[in-house]
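Good morning, and thank you for coming.

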Amino acid sequence: ALFDAPGRDTAGAARSVYTRPSRSKDTRRRAEERARHASSSSSSSSSSSSRAEKGSAEAGFFTAARAVPPVMAPVEAKTHDLTSELGKYLDRHLVFPLLEFLQAKRVYPENEVLEAKIALLNKTNMLDFAADIYKSLHNKSDVPAAMQQRREEVIANLTELSVKAEKVVNFLSDPTLVKQLRSDKAFNLAFLQESHGVGPEDIDALFHYAKFQFECGNYQAAGEFLSHYRGLCTNSERGASALWGKFASDILLQQWDAAVEDLTRLKDAVENRAYSSPLAHVHARTWLVHWALFVFFNHENGRNAIIDLFFQERYMQAIQAEAPHLLRYLAAAIITNKRRRSMLKDLVRILQCETYSDPITEFLLKLFVEYDFDGAQTKLAECDVVLENDFFLVGCKDEFNENARLFIFETYCRIHQRIDIKMLADKLSMDHDSAERWIVNLIRSTKLNAKIDSEKGTVQMYDQAQSVHDMIVEKTKALTSKTYSLSHAVLSNTQAQAGSVV
């Protein structure tokens, strides 16, 4: 990752997280409420530093101290927590929401999470935020001298960068002029230098100023400046770096439609960039899929997008080589997406070859490989703890359980002709009446060829031959992606051979 993303050392600070952003329509309203609360809690900071750190409230991901539940999460939550693995491939600012979530869920002792927050924030410019947490943790009214000195350095650097970028920032502050130049296709460095006196040094200053604003938590301003910078820069390396920063800013602002567009551009940039080695290319894809998790589990079409991306051969290879823990999220996306259940067989085949496992992946193996219904039911119960304490999956819990029960029922029905409702209720962890109502609704909604005998308390299943249409769909479901992969491989080999001849 190019936008000053953290290396593997960040994971040590990322052991514990924040409330997952809501997917409902009132997401923006809740973010605004958190922003007002956070801004009121930081009134004691100086004006220049407060303006720089205002983005921590604007982001909607960051909040002041919150009330946490009095009871610690189950031990299994810590066992299956992936924050330390995810943190290796995320920017520091993207790790912080995960830490807040773990704090809210009490997966780890609160003191450990607060220490991790301070360690994380000390590597950014959000020092007032770090100071507030330090005072709360240690019950002190002042902060260490090193932290205060760093704060003064941040303010001095902010002032210096503001002066250097003043000319281009003032120019960009006129949206009407910028829009007119874009429509006239005159928004380029040559024209701006000739007509407005904005030179290469000003564009370079804009990049550093935007990056500094991002480190201060002012993601709104950073995102806007980086978007302008990408339209003016001539340095491809810096342009790619700005794209990573714009993507992170939109994620932290919870602007999911814009983040989807950023993800598409970033994916194209990753695929078209010439890397020093194939391994570096794999690393870039791994970083990309980790950042994309924020989009996949918040955007309305995200669960289709994660399936499409992860099943592309080059990305699946990167996942299997460097980040097999991401298979948890692919499994959850397929289980909760009824329209993409045809991909289940491919996923199970992949899981059989992997050493990584957690209750979600083990549930699929128990059910579709071993046909161990008791074992599947046990794993489904364990999935509750995983889903409840996973930043990205907590919003899928009810939908996951509903579809998982459906998988158990359908698989059981394919093996048996007559099923005892009481026994099925036990396997689904439901009482007899609830199980019968659930089965009736399921038969109606899925048009299963089955009847319920209430007197005997059984479900009678009848053979249902697969239609020709379904058979064709099953055989050709991955035809497009396989054709694309084949054509891309042929094109790559042809270009390589042509290059060697030259």
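Is arginine 106 buried or exposed? Arginine 106 is buried, because its relative accessible area is 18% and the cut-off for buried is under 20%. Please keep in mind throughout that this is a predicted model.

A second residue may be set beside it. Asparagine 139 also has a positive phi, about 55°, and asparagine 139 is not a glycine either. Asparagine 139 is placed in the loop between helix H8 (127-138) and helix H9 (145-164). How accessible is asparagine 139? Asparagine 139 counts as exposed, because its relative accessible area is 72% and exposed means over 50%.

I now turn to charged side chains. The structure holds 24 salt bridges, and I shall discuss three of them in detail.

Aspartate 250 forms a salt bridge with lysine 246, and the closest N and O atoms are 2.7 Å apart. Both residues belong to helix H15, where a spacing of four residues amounts to about one turn of the helix. Aspartate 250 and lysine 246 are both buried. For aspartate 250, the relative accessible area is 3%. Which residues does aspartate 250 touch, once those up to four places away in sequence are left out? The contacts are Gln255, Ala258, Ala259 and Asp262.

That last contact leads to the second pair. Aspartate 262 forms a salt bridge with arginine 265, with 3.3 Å between the closest N and O atoms. Why are the two partners about one helical turn apart? They are separated in this way because they stand three residues apart in helix H16 (residues 256-272).

Lys246, Asp250, Glu261, Asp262 and Arg265 are linked by salt bridges.

The third pair is found elsewhere in the sequence. The side chains of glutamate 382 and lysine 379 meet in a salt bridge, at 3.4 Å from N to O. Both residues lie in helix H23 (residues 373-388), three residues apart, which is about one turn of the helix. Here glutamate 382 is partly exposed, with a relative accessible area of 32%, while lysine 379 is buried at 17%.

Next, I shall consider a whole helix. How many residues of helix H20 (residues 327-335) are buried? Nine of its nine residues are buried, so the helix is mostly covered. Among them are Leu327, Arg328, Tyr329 and Ile335.

Three strands form an open sheet, in the order S1-S3-S2, with antiparallel pairing. The edges are strand S1 (418-420) and strand S2 (450-453), each of which pairs on one side only. From one strand to the next, the twist averages 20°. S1 and strand S3 (residues 458-461) run antiparallel and are joined by three bridges. What is the bridge partner of arginine 418 in S3? The partner is glutamine 460.

Tyrosine 484, in helix H28 (residues 479-501), is 172 residues away from glutamine 312 in sequence, yet their C-alpha atoms are 9.5 Å apart in space. Tyrosine 484 counts as partly exposed, at 47% relative accessibility.

Finally, a word on cysteines. How many disulfides does a search of the whole structure find? The search finds zero disulfides. Cysteine 233 counts as buried at 18% relative accessibility, whereas cysteine 353, at 64%, counts as exposed.

Thank you for your attention.

Notes:
Residues numbered from 1 in each chain as written. Predicted model: local features only at pLDDT ≥ 70, side-chain atom pairs only at ≥ 80, totals over all residues. Heavy atoms only, no water. Buried < 20%, exposed > 50% of the residue type's maximum accessible area, 1.4 Å probe, protein only. Helix = DSSP H or I, 4+ residues; strand = E, 2+ residues; numbered from the N terminus. Contact = heavy atoms within 4.5 Å. Disulfide = S-S within 2.5 Å. Pairing = 2+ DSSP bridges. Axes fitted to C-alpha atoms, helices over the stretch in contact; angles between N-to-C directions. Salt bridge = Lys/Arg side-chain N within 4 Å of Asp/Glu carboxyl O.
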